[in-house]
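Please take some time with the sequence and the model shown here, and then follow the walk through a few of its parts below.

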Amino acid sequence: MKRLVLLVATLLICVSLAAQSSPSSRMIPLSSPLYGQVDTLYRLAGLALPSASRPWSTQEARQILSTITELSEYQDLAKKAWQNIEATELKQISPTFGYLLSTTVNLEGYAHTNPTQFKTPSDWLYSVDERKPLFRFTMEMDFSDRLYFSTSVDIGVSSQRDGDITDSTTTIGAFKLGNVSLLQTAYRYQKYLLPNIPLSGADNMLADWPRESQLSLAGDWWSLTTGRGALSWGSGQSGNLVLGSHITNHNHLKASFFAEQAKLEFLYLFLPNSTGETEQRIFLGHRLEAQPASWARIAITENVMYEGSSLILAYLDPTYIYHNLYDSDHLNAIASLEADIAILPSLSLHGQFALDQFQLPNETSTIANAMAGLVNLSYSWEQKGFWTASAEFATTDPTMYRREGIDFLVARGLHNNGNPVLIDYLGYQYGSDSQVFALSLAYDNLTNLKLLLSTTLHRQGEVTYLTSHSSGGNTQEPDIKGPSPSGTQVKETLVISLKGTYTPSWKENLSFNGQLDWIGKRTYTKATKSGSDHQSDFQLSLGCSLTF
């Protein structure tokens, strides 16, 4: 009887949403609350989390949610997830064509207490990828519920301003000396209080837009998409080891083939050339997921970073084993293994292991091993809404993501798509030579309020993107061995954050968001077991968004 009631409820949900169906081929952005809600449904049901290769197409999301809706007793949560899948309703001009033109106005303000020591984008939590443009004009088109196109025009203030202090004398990873210029002091991250509107002629306008765009073609069990946006492989809370969501504007081409029991994905990332170097950089990856049991899901990935003046077309073959491409002058390989385990209803375990370099005992090379691991334990429950508590630990070897000539650093231009640049790791956002401990508590009342309280401790060893991976310099093979954090001193950063989003019931297209961060830093000396160079900052970001 209970199963019949759940089946009827599922049918009613699907029928009620049929009239406002979203295009099947549309890729749902990672910023959607859908992903957290679906993960919670699976966790509460005692099932392994669904595909961690994200974003999903609308059709894939429907398949994933259909599987759990008829099994779950939390129908309010399931209904909310369905609503988020079908959130985009286009104007149907004919049975084969629909479109939507929309405008989003974002008003934001940023304040902090320590402009002397926290004065660049890397010093802020709510930074380049989180800050919203003042205006976003979006165009969407759908053809026969199979081909979807979306792009936007963003108008807002750039993170770089005329007169900002830069430096190009530091060697950064495999980038050529002098080609990379970093911000040393950024006006828009130094001042006590600033809005996201231009205040003088020295302010530059955004040049790198759209941040999100797509051209997607999809069917019932496959999708092919190209465009820009955030991508993610893994269910880590502090990041993921091969592909993290902290970079929100990847240029990419992706093909996915999915079923309830398995998923196959091919991915190409076309990394920006913001430093004026002549060689192109492309990340080539393939990923296979399988679900051997209802309580377990595993995934393996095998990938390479390519760098060269011209791409050998044979390297684009997605069926080839990239580690068999013996071309160390142009390629750097990385592989990973993931596992999602449902321990009990409401309790899930997620693990990741990544391998960049490993020396066998009989090998004589001085190259250091480069490996990384991450483990997350999450627990969800219902109490006047839905709660999820998570604990996570991650570690990366000193030379993880680093190689002479080719590494996994990404340089994105802050002014006219060129220097100065923002440096990120393609994989785990905290990068090489790191230990990370993270705790979080998330709440969603399903109507108008979402909250996230989190704390993160990052212990950084001597190898950063500003320092060498080798005792002989960045042009030599990486030889600094783990475990992390390496060196005589450790840079420790403690972050305590509270984030919230409120959507008033009287205006669904209006939302308010806020984020309060406390950041504390110190240098820990291993020999004396003492701390020095203490720094701290309170950072407050407030905003409201209206779409019409």
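The paragraphs that follow go from a helix to the aromatic rings and then to a pocket.

This is a predicted model, in which local features need pLDDT of at least 70 and side-chain atom pairs count only at pLDDT 80 or more, while totals for chains, interfaces and linings use all residues. Residues are numbered from 1 along each chain as its sequence is written, and side-chain values use heavy atoms, with hydrogens and water left out.

Helices (H or I, at least four residues) and strands (E, at least two) are DSSP runs, numbered from the N terminus. Helix 3, residues 58-69, has twelve residues and reaches 16 Å from its first C-alpha to its last, close to the 16 Å expected at 1.5 Å a residue, where the expected span is 1.5 Å times one less than the number of residues. Ten of the twelve residues of helix 3 are buried (under 20% relative accessible area, with a 1.4 Å probe and protein chains only), among them Ala61, Ile64, Leu65 and Ile68.

Rings of Phe, Tyr and Trp (its six-membered ring) pair if their centres lie within 6.5 Å, and planes over 60 degrees apart count as edge-to-face; by this rule there are 20 aromatic pairs. The rings of tyrosine 74 and phenylalanine 386 have centres 5.7 Å apart and planes at 80°, so this pair is edge-to-face. Because tyrosine 74 lies in the loop between helix 3 and helix 4 (75-85) and phenylalanine 386 in strand 21 (residues 386-396), the pair ties together parts that are 312 residues apart in sequence. Both tyrosine 74 and phenylalanine 386 are buried. Tyrosine 306 and tyrosine 315, with ring centres 5.9 Å apart and planes at 70°, are therefore edge-to-face too, and both of these tyrosines are buried. Elsewhere, ring pairs link Trp221, Trp222, Phe257 and Phe266 into a cluster.

The second largest pocket holds about 690 Å³ of space, a pocket being an open set of points on a 1 Å grid over the protein atoms alone, with protein on both sides within 12 Å along at least five of seven lines, and its lining residues having an atom within 4 Å of a point. Of the 26 residues that line this pocket, the closest to its centre are Ser328, Leu331, Asn332, Ala333 and Gln357. Strand 17 (296-308), strand 18 (331-344) and strand 19 (347-357) each supply at least two lining residues, and the largest share, four residues, comes from strand 18.

Technical notes. Buried < 20%, exposed > 50% of the residue type's maximum accessible area, 1.4 Å probe, protein only. Phe/Tyr/Trp six-rings, centres within 6.5 Å; stacked < 30°, edge-to-face > 60°. 1 Å grid on protein atoms, 1.4 Å probe; cavity = no way out; pocket = protein on both sides within 12 Å on 5 of 7 lines; lining within 4 Å. Points joined across faces, edges and corners; volume = space filled by probe spheres on them.
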